[in-house]
Structure formats: C-alpha cells, structure tokens
Amino acid sequence: MTEDQQTITHNIARIRERMAEAAHRAGRSPENISLIAVTKYVDIAQTRSVALAGLRDLGESRPQMLWEKSTMLEGESIRWHLVGHLQRNKVARTVASTHLIHSVDSVRLLKEINRESKKIQRVTDILLEINVSNDKEKHGFLPAMIGEAMDFISQLSHVRVHGLMAMASREGGRKVAQQEFAAVRNLRDRLSEDQPENVSLDELSLGMSGDMEEAILEGATMVRIGRALFEKL
Ligand SMILES: *Cc1c(COP(=O)(O)O)cnc(C)c1O
C-alpha cells in the first residue's frame with residue numbers, strides 16, 4: 001500500500017466511526033447513510049486510491065473534472081455525483097456520465113437536464129439544492145420558491161427527483177449548521193405531503209467534513225466528505 005492509500009484507509013475508518021456514532025445518537029442505522037467521497041482536491045491517482053479503498057460513490061464539484069475523471073477511471077465501477085454548480089452548456093456531457101446530480105438549483109437547469117436526457121433516452125436522477133441560509137451569493141432554490149418548482153417538475157418526463165441537498169452557511173459553526181439542516185428536513189416533510197409522481201424526497205444530502213454529525217442528527221441520508229478523507233495522519 002502506498003502512503004496515500006494508508007492515509008485514505010485510515011481516514012475512511014475514522015469517518016465511518018464518526019458516522020456510526022452520530023447515527024447511534026440519532027437512533028438511526030448507519031447503513032442508511034451513504035458516504036460520498038468528494039475528490040475535488042486530489043489528482044487521478046489519489047482518486048483511484050479512494051475507489052480501491054472501497055468507496056464507490058465519488059463526488060466532484062466541477063463538471064469538467066467529473067467528465068475527465070470518469071473517463072480516466074472507467075472500469076473502476078465508480079458512481080459519480082456532481083455536487084457543485086452546473087451551467088446549462090455543460091448539461092449534455094454531465095447527464096451522460098453522472099449517477100446523481102446533487103446541485104440542481106433552477107428551473108432553467110431542470111428544463112435543460114430534461115431536454116438532454118430525453119435525447120439520450122435516459123431519466124436523470126437529481127436532488128434539488130436548497131439555499132437554506134437565503135444567501136444571495138449562494139446557489140439553490142430559496143425555500144419559498146420550491147413549491148412552484150414542484151409544479152413544473154411534475155411535467156418533466158426525463159428527470160427524477162430523489163430529495164434535497166443543502167450546504168450550511170460558512171459562518172455560524174455547527175450549531176447554526178444543525179438549525180439549517182433541520183430547516184431542510186422540515187421543508188422536505190412539508191413537500192412530501194403533496195409531491196408529484198416523478199418526485200420522491202427520501203434522500204437528504206447534507207453535511208461535510210465539519211458538520212457531518214449535525215447532518216446525521218437531522219436525517220441526512222448522504223454526507224459529502226472531502227477534507228476529512230485526505231488529511232494527513
Ligand atoms: C467541497 C465540497 C464538499 C466537501 O467538503 P469538505 O469540507 O471538504 O468535506 C461537500 N459538498 C460540496 C458541495 C462541496 O463543494
């Protein structure tokens with residue numbers, strides 16, 4: 001094993017412990033929480049090491065990097081997740097190479113994903129990103145706008161919504177993060193009362209290296225972990 005692989009293997013074990021401990025506190029089963037390894041900080045070799053260490057759900061925040069890595073690591077049975085902003089001119093290649101797009105943040109983008117997916121006759125799995133802190137600098141649907149988006153989504157034949165995604169605000173620390181994650185869960189519960197047929201809201205993609213515990217306490221089914229995976233021992 002290379003030094004990188006040792007580090008990654010060690011870090012995965014620590015992350016799994018943190019996840020299990022938080023799940024235990026929340027009275028949840030750790031099996032119901034997926035670890036998405038965000039590989040945006042590292043090169044192809046280290047990204048391959050993550051897959052070799054047994055993680056098969058990998059995330060990138062830039063579409064071009066996702067395309068590049070998915071091409072170079074074909075054959076590693078990786079399921080690619082896009083977690084960062086997607087511009088409309090990058091939709092075609094992204095729908096062809098992505099398992100789940102976490103960061104769908106506008107009706108215009110939804111429309112384009114539907115159009116490009118129809119062309120290649122597939123249904124694209126997505127999450128709706130929520131701008132939970134109402135921050136103008138951030139991407140995502142404002143909670144107040146999401147009801148309207150649902151009506152529109154019901155007309156899309158080649159998009160399937162599986163849940164919601166959010167990032168906590170940078171400032172505020174863990175306590176604020178937990179409140180924001182709780183707000184996303186409440187929004188999900190409200191939307192679930194009247195959801196279109198091509199929408200299920202089972203998945204909540206919440207939590208990163210610094211706030212995965214809070215996310216799990218508030219019902220995250222996916223955590224997106226970067227830094228904690230690569231930090232040196
Ligand atoms: C980078 C990134 C992550 C991972 O964050 P870490 O703090 O490195 O764990 C998760 N989600 C998104 C959207 C990201 O851009």
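Colleague: In which loop is Thr-98 found?

Modeller: This is a predicted model, in which local features need pLDDT of at least 70 and side-chain atom pairs count only at pLDDT 80 or more, while totals for chains, interfaces and linings use all residues. Residues are numbered from 1 along each chain as its sequence is written, and side-chain values use heavy atoms, with hydrogens and water left out. Helices (H or I, at least four residues) and strands (E, at least two) are DSSP runs numbered from the N terminus. On that basis, Thr-98 is found in the loop between helix H4 (91-97) and strand S4 (100-104).

Colleague: Is Thr-98 buried or exposed?

Modeller: Buried means under 20% relative accessible area, exposed over 50% and partly exposed in between, with a 1.4 Å probe and protein chains only. The relative accessible area of Thr-98 is 4%, so this residue is buried.

Colleague: Which backbone oxygen does the side chain of Thr-98 reach?

Modeller: Contact means heavy atoms within 4.5 Å, and beyond its neighbours within four places in sequence, Thr-98 is in contact with Leu-66, Trp-80, His-81, Leu-82 and Arg-122. At 2.7 Å from its side chain lies the backbone oxygen of Thr-94.

Colleague: Which residue caps the N-terminal end of H2?

Modeller: Helix H2 covers residues 44-52, and its buried residues are Ile-44, Gln-46, Thr-47, Ser-49, Val-50 and Ala-51. Among the elements that cover them are H1, S1, H3 (63-72) and S3. After H2 comes Gly-54, with a positive phi near 110 degrees. At the N-terminal end, a side-chain oxygen lies 3.3 Å from the backbone nitrogen of Ala-45, and the capping residue that supplies this oxygen is Asp-43.

Colleague: How far is a polar side-chain atom of Tyr-41 from an oxygen atom of the ligand?

Modeller: The residues around the ligand, those with a heavy atom within 4 Å of it, include Val-38, Lys-40, Tyr-41, Met-167, Met-208, Arg-224 and Arg-227. A side-chain N or O atom of Arg-224 is 2.9 Å from a nitrogen atom of the ligand, and a backbone N or O atom of Arg-227 is 2.8 Å from an oxygen atom of the ligand. For the polar side-chain atom of Tyr-41, the distance to a ligand oxygen is 2.5 Å.

Colleague: What is the volume of the largest pocket?

Modeller: On a 1 Å grid over the protein atoms alone, a pocket is an open set of points with protein on both sides within 12 Å along at least five of seven lines, and lining residues have an atom within 4 Å of a point. Lining the largest pocket are 28 residues, with Lys-40, Met-167, Ala-168, Arg-170 and Met-208 nearest its centre. Helix H7 (173-192) and strand S8 (222-225) each give two or more residues to this lining. Taken as the space filled by probe spheres on points joined across faces, edges and corners, the volume is about 820 Å³.

Colleague: Which element supplies the largest share of the lining of the largest cavity?

Modeller: A cavity is a set of points where a 1.4 Å probe fits but cannot get out, and the structure holds 1 cavity of 30 Å³ or more. The largest cavity contains about 40 Å³ of space. Its lining consists of Asn-11, Arg-14, Ile-15, Arg-18, Ala-228 and Glu-231. The largest share, 4 residues, comes from helix H1.

Notes. A polar contact is a pair of N or O atoms within 3.5 Å; within protein, one must be able to donate a hydrogen and the other to accept it, and residues adjacent in sequence count only if both atoms are side-chain atoms.
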